[in-house]
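User: I am new to this structure and would like to learn how to read it. Please take me through it one feature at a time.

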Amino acid sequence: MADYRDLFARLGSEIHVVNLGLERFAETLEALGVPVLHVQWTPPAGGDPERARLLSLLEDDD
Amino acid sequence: MTTRTTLKRSFYQDSVALMGLARELRTGAGVGEAAALMGTPANLALMADAGLLTDEARAAGPNDLVIVVRADSAAEAEAALARAESLLTARRVRVEASGRRCPRTLDSAVRQLQGANVALISVPGAFAAAEARKALRRGLHVMLFSDNVTLEDETALKRLAVERGLLLMGPDCGTAYLGGVPLGFANAVPRGRIGLVAASGTGLQQVVTLLAAAGEGVSQAIGVGGRDMSGPVGAAMTLAALDALGADPATELIVVVGKPPAPAVRATVEARLRALGKPAVVAMLGREIATGSVGPLTTVVTLEDAAAAAVARRAGRAFEPHAFSNVATARHRVKEYRATRGPGAAAVRGLYAGGTLAYEALLILEPLLGAGAVGGNLGGHGGGPHRVLDLGADEYTVGRAHPMLDAALRVEEIERAAKEPDTAVLLVDVVLGHGAAPDPAGDIAPALEAARRGRRGLAVVASVIGTAADPQGLAAQRARLEAAGAWVLPSNAQAARAAACIAGEAPVVEMLLGGRA
């Protein structure tokens with residue numbers, strides 16, 4: 001089990017956000033001057049949730 | 001009436017963007033109805049219900065965009081579809097002209113954004129767990145806004161997060177503040193000394209906005225998802241957040257907002273809270289909760305009391321809960337409403353956008369109106385006559401936007417409730433902040449006005465969850481509701497009590513306001 005006591009120190013003074021999904025959230029952060037990158041996300045596996053789940057399980061554990 | 005369809009293959013757009021598009025199309029000349037949806041099975045079923053499932057639309061797949069317009073004439077329908085095309089093109093041109101980089105996957109975004117440390121994920125629930133898993137593996141903290149994530153996936157994701165010392169906030173996490181940055185639906189609040197852990201988005205919003213009104217700010221606020229304190233999840237993120245806030249020098253007091261934990265995790269959470277060495281306030285939204293202070297720990301049962309107890313504690317004062325901020329005004333207004341209440345009108349209809357606000361209202365109304373007397377979709381004990389509806393619940397939001405973004409469903413429910421002869425009070429919430437609709441009070445005000453015009457003596461009781469610094473402006477939103485004839489109270493808890501005083505038996509009024517009803 002990891003130690004969370006240094007969480008906010010690890011997080012540092014700046015939050016840099018990768019946004020997937022609702023673009024509105026990225027627009028809000030951008031307007032506030034928060035570094036953010038919006039992903040042009042599309043549903044994987046042609047939008048078939050079950051196939052997408054199987055694909056994600058096949059991916060390497062980095 | 002003519003119906004026309006455009007089908008755009010492999011053209012994914014998010015649900016909020018599409019809601020905006022459909023709303024725009026409905027304003028077109030001669031347009032009766034318009035839908036812009038991705039062709040998922042759930043969305044196609046919705047279109048069938050609305051009588052908009054044309055043969056072309058039927059052929060759509062989940063990644064195809066379907067736009068259907070019903071208009072008075074073929075020319076008007078064609079014009080609306082042309083308008084849709086130009087709006088979508090304008091959007092694309094705007095993104096391209098901004099020079100913004102547009103990665104197509106999380107991996108490439110992480111490579112492009114130096115210092116990326118948080119992933120905010122709001123993709124459809126069926127795909128959300130896989131994206132969250134990827135983000136955790138790349139070392140990012142995750143705010144998982146998406147709902148409809150299975151308990152099994154949640155448990156596995158939190159186990160992975162804990163192994164790596166990362167946050168997995170959610171699923172269905174609406175609000176968080178990390179390092180002063182508001183994430184998701186979040187109000188503009190000052191930074192300060194109070195750290196929060198919340199199993200609920202709108203619950204957290206109510207607490208931080210009331211703290212802001214009292215001059216207190218937020219150090220960090222971590223959302224954990226509504227099921228974190230269940231047995232299978234074992235409070236994994238609550239415990240992580242408590243450890244982090246306990247050690248954070250910027251946090252002097254901790255507020256926890258949630259439902260009562262599963263018996264198996266209760267002792268662990270309480271022991272951790274006591275071991276923090278910081279004062280803590282716990283808002284336990286449940287039935288038969290013992291309130292009061294023991295050592296550093298104060299337990300309360302409403303969101304307003306959580307904020308008030310935190311403020312009192314920081315000021316070194318004892319915390320005294322109250323039913324109303326302004327008893328004299330409340331007494332006066334209640335008397336007025338009770339005098340004009342229509343014959344046979346004695347029921348409260350709570351029509352909520354915020355899930356936790358709805359639940360809080362239910363918990364307040366039950367003991368005042370009778371445990372068996374309040375129904376709705378929140379596990380209320382009774383079947384009526386009173387009703388509290390969480391219109392953001394899953395059964396209402398499949399294929400459509402949340403009522404905090406799109407008021408259409410709530411307007412329908414207001415109209416429906418206003419027609420029921422036993423309705424005495426419409427009880428509503430209006431939630432402001434980043435991410436929420438630009439004018440949420442204005443979206444429902446005409447329906448509230450019409451309801452009051454149509455029914456003499458009908459009361460509208462509301463609360464606005466927001467701050468003066470929110471994009472919509474707290475004062476302006478309150479004024480909009482008041483102009484529509486609503487009685488606007490400072491908190492959801494007070495609004496629920498006001499509703500009970502108007503609709504309930506005389507002893508309710510005597511208990512909450514003193515004197516005779």
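User: How many helices and strands are there in chain A?

Analyst: A note first: this is a predicted model. Chain A has three helices and two strands, and along the sequence they follow the pattern α-β-α-β-α.

User: Is chain A a compact globule or more spread out?

Analyst: The general idea is to compare the radius of gyration with what the globule rule gives for that number of residues. For the 62 residues of chain A the rule gives 11 Å, but the radius of gyration is 16 Å, well over that, so chain A is more spread out than a compact globule. Its C-alpha trace spans about 40 × 35 × 15 Å along the principal axes. Of the 62 residues, 34% are buried.

User: What does the comparison with a compact globule give for chain B?

Analyst: Here the two values agree: a compact globule of 517 residues would have a radius of gyration near 24 Å, and chain B has 24 Å. Its C-alpha trace spans about 65 × 60 × 35 Å along the principal axes. Buried residues account for 54% of the chain. Chain B contains 19 helices and 20 strands.

User: Which domains is chain B divided into?

Analyst: The assignment gives domain 1 (2-97), domain 2 (106-315) and domain 3 (327-513). The centres of domain 1 and domain 2 of chain B, taken over C-alpha atoms, are separated by 38 Å. Contacts can also be sorted by sequence distance. In chain B, among contacts between residues at least 6 apart in sequence, 67% join residues at least 24 apart.

User: How many residues of chain B are in contact with chain A?

Analyst: To read an interface, count the residues on each side, then ask which elements they come from. In this model 52 residues of chain B are in contact with 40 residues of chain A. Elements that give two or more residues to the chain B side include α1 (15-26), α5 (106-112), β4 (118-121) and α6. The largest share, six residues, comes from α6(B). By type, the chain B side divides into 28 nonpolar, 14 polar and 10 charged residues.

User: How many bridges join strand β1 of chain A to β4(B)?

Analyst: Strand pairing is read from bridges and from direction. Strand β1 (residues 17-20) of chain A is joined to β4(B) by four bridges, and the two strands run parallel. Within this pairing, L20(A) stands opposite I121(B).

User: How many residues apart in sequence are R138(B) and N117(B)?

Analyst: They are 21 residues apart in sequence, and their C-alpha atoms are 9.2 Å apart in space.

Notes:
Residues are numbered from 1 along each chain as its sequence is written. Chains are lettered from A and ligands numbered from 1 in the order in which they are written. This is a predicted model: local features need pLDDT of at least 70, side-chain atom pairs count only at pLDDT 80 or more; totals for chains, interfaces and linings use all residues. The radius of gyration is taken over C-alpha atoms; the globule rule is 2.2 Å times the number of residues to the power 0.38. A residue is buried if 20 or more other C-beta atoms lie within 10 Å of its own, exposed if 12 or fewer, and partly exposed in between; C-beta atoms are placed from the backbone. Two residues are in contact if their C-beta atoms, placed from the backbone, lie within 7 Å. Domain bounds come from an automatic or database domain assignment. Ala, Val, Leu, Ile, Met, Phe, Trp, Tyr, Cys and Pro count as nonpolar, Asp, Glu, Lys and Arg as charged, and the others, Gly among them, as polar. Two strands pair if DSSP finds at least two bridges between them.
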